[in-house]
Amino acid sequence: MKIDFPHKQSAHCENGVVSNLLRFNGYDFDEPMVFGIGSGIFFTYIPFIKMNGIPVTSYRILPGAIFKRFSKRIGMKVESHTYSNTAKAMSELDAMIDKGIPVGMLTSVYYLTYLPDAYRFHFNAHNIVVYGKEGSNYLVSDPVMETTTTIAYEDLVRARFAKGVAEPKGKMYYPTQLPKDFNIDDAIWRGIKRAGFDMTEIPIPILATKGMRYIANRMQRWPERLGDRKAIQYLGNVVRMQEEIGTGGAGFRFIYAAFLDKASRIVNNNELYDLSKEMTAAGDRWRDFAYYAGRVCKSRKSDVMSFAELGDIIKECADREDKIFRRLHQMAKENI
Amino acid sequence: MKEDEVPQDDANMLQGKFKKLYYATDGSERYKEVGSVGWEPENVVLEQAWEDIRENVEAARQKVLSGEASPILYYMEKNLMTPEIISGYIGLPAFIMKLHLKPFFYKMLGAKTLEKYAYTFRISINELTDINKIK
């Protein structure tokens with residue numbers, strides 16, 4: 001059984017699955033629109049939660065939240081199931097495919113054999129769509145890939161039932177009610193409003209623009225506090241989270257700028273386009289940071305461009321984004 | 001980032017399987033999608049992450065061969081796992097799983113528990129227990 005599924009590549013898996021599932025149902029929302037309406041942009045640095053001994057850095061909101069916010073704003077309903085029994089999880093998947101319904105699911109990147117080896121870490125919140133079955137292989141639309149691919153039954157079972165942090169537990173989902181009665185202008189402004197709030201108003205020092213200043217200050221002390229080796233590991237991880245597959249460049253900043261660009265034309269507001277350009281400039285600074293940080297990592301010493309200067313670049317990004325999102329928040333409030 | 005600035009530094013990280021998608025601006029400063037085979041800074045930090053992993057695997061291998069640790073340590077590192085991940089597979093708390101890294105406790109494991117470890121690492125019991133395989 002094979003469903004005719006309109007696969008299109010995206011930078012990030014969650015945006016991509018939402019966008020592709022909607023395209024299958026005849027709605028055209030590309031990745032930046034999903035990301036923007038779903039208010040995906042964010043920043044966090046959590047020094048007390050570590051993965052393999054390195055603090056967690058993230059440039060976006062929690063996995064699943066973009067999907068949830070986007071669905072709410074355009075009136076889409078999604079049914080999702082988790083399973084404790086692997087055989088049942090797989091047979092229900094087969095049943096959905098037989099009914100001609102492509103299914104989104106959570107998987108662990110580590111067991112997705114078709115991905116490049118260098119990227120296969122234990123990350124349990126990767127979204128894919130399964131849209132068919134041929135023999136014992138499943139047909140997969142993985143949004144980060146240019147084309148569709150296949151995966152063996154046994155590998156898919158492992159990927160759906162991976163253990164560890166945030167276990168997927170075989171979670172699969174599909175829209176039950178398609179978008180209706182939505183006003184695209186309103187959805188865009190609500191998405192912008194929430195992003196503006198998240199980025200500037202949350203009074204917690206490790207989140208959003210405050211979090212950027214926080215990591216900048218911490219980073220400037222890494223060499224003396226942690227020593228060369230550990231400081232380089234920490235720095236390398238920040239760059240990886242910013243530039244790895246899925247971010248569209250500069251830790252989602254360019255996807256958001258693309259959203260503002262498109263949104264400016266839909267809601268007919270030139271100031272959004274100007275802010276898109278400023279967002280691009282902020283993203284370019286993040287790229288500068290990654291570029292110099294990469295050189296520091298390569299030299300394995302902290303003296304090519306010191307951590308102090310790297311921290312200053314991030315502080316500059318924080319100032320720029322603070323200004324952009326305060327203005328966006330203001331504009332959104334005026335337009336809702 | 002302008003479309004002609006999208007980096008194309010190929011370090012074979014993607015093994016030619018696909019290009020990464022970037023969003024960049026065109027001549028009239030509107031956004032478009034551009035594919036990339038990689039970017040030097042990312043290649044560097046990704047390679048370093050794998051180097052750290054390879055060092056951990058090698059250190060574990062030496063410890064197993066010298067009898068300081070059980071083979072479970074080696075396969076744990078090789079599969080990039082942590083005691084917390086493994087405890088999910090074998091159904092025992094992580095602090096008990098950690099004991100199995102020591103040869104003293106490892107020797108007491110029954111076939112049933114070994115079977116669970118072998119399943120976790122996707123190898124046979126024979127491969128798990130025979131340390132000649134990792135020499």
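User: What share of chain B counts as buried?

Analyst: In this predicted model, 33% of the 135 residues of chain B count as buried.

User: And what's its radius of gyration next to a compact globule's?

Analyst: Chain B has 22 Å, while a compact globule of 135 residues would have a radius of gyration near 14 Å. Along its principal axes, the C-alpha trace of chain B spans about 70 × 30 × 25 Å.

User: How many helices and strands in chain B?

Analyst: There are 7 helices and 2 strands in chain B. The order along the sequence is β-β-α-α-α-α-α-α-α.

User: What about contacts in chain B, how many join residues at least 24 apart?

Analyst: That's 46%, counting contacts between residues at least 6 apart in sequence.

User: Switching topic: how many residues are in the largest nonpolar core, and which have the most contacts inside it?

Analyst: The largest nonpolar core has 114 residues, and those with the most contacts inside it are Val130(A), Leu235(A), Phe254(A), Ile255(A), Tyr256(A) and Ile314(A). Helix α7 of chain A, residues 208–243, gives the most to this core, with 13 residues.

User: Which residues does Phe254(A) touch?

Analyst: Leaving out residues up to four places away in sequence, Phe254(A) touches Gly248(A), Gly249(A), Thr280(A) and Gly283(A), plus Met1(B), Tyr22(B), Tyr23(B) and Ala24(B) from chain B.

User: What's in the second core?

Analyst: That one is separate and has 17 residues, including Ala60(B), Ile72(B), Met81(B) and Ile86(B).

Note on methods. Residues are numbered from 1 along each chain as its sequence is written. Chains are lettered from A and ligands numbered from 1 in the order in which they are written. This is a predicted model: local features need pLDDT of at least 70, side-chain atom pairs count only at pLDDT 80 or more; totals for chains, interfaces and linings use all residues. A nonpolar core is a set of buried Ala, Val, Leu, Ile, Met, Phe, Trp, Tyr and Cys residues joined through C-beta atoms within 7 Å. A residue is buried if 20 or more other C-beta atoms lie within 10 Å of its own, exposed if 12 or fewer, and partly exposed in between; C-beta atoms are placed from the backbone. Helices (H or I, at least four residues) and strands (E, at least two) are DSSP runs, numbered from the N terminus. Two residues are in contact if their C-beta atoms, placed from the backbone, lie within 7 Å. The radius of gyration is taken over C-alpha atoms; the globule rule is 2.2 Å times the number of residues to the power 0.38.
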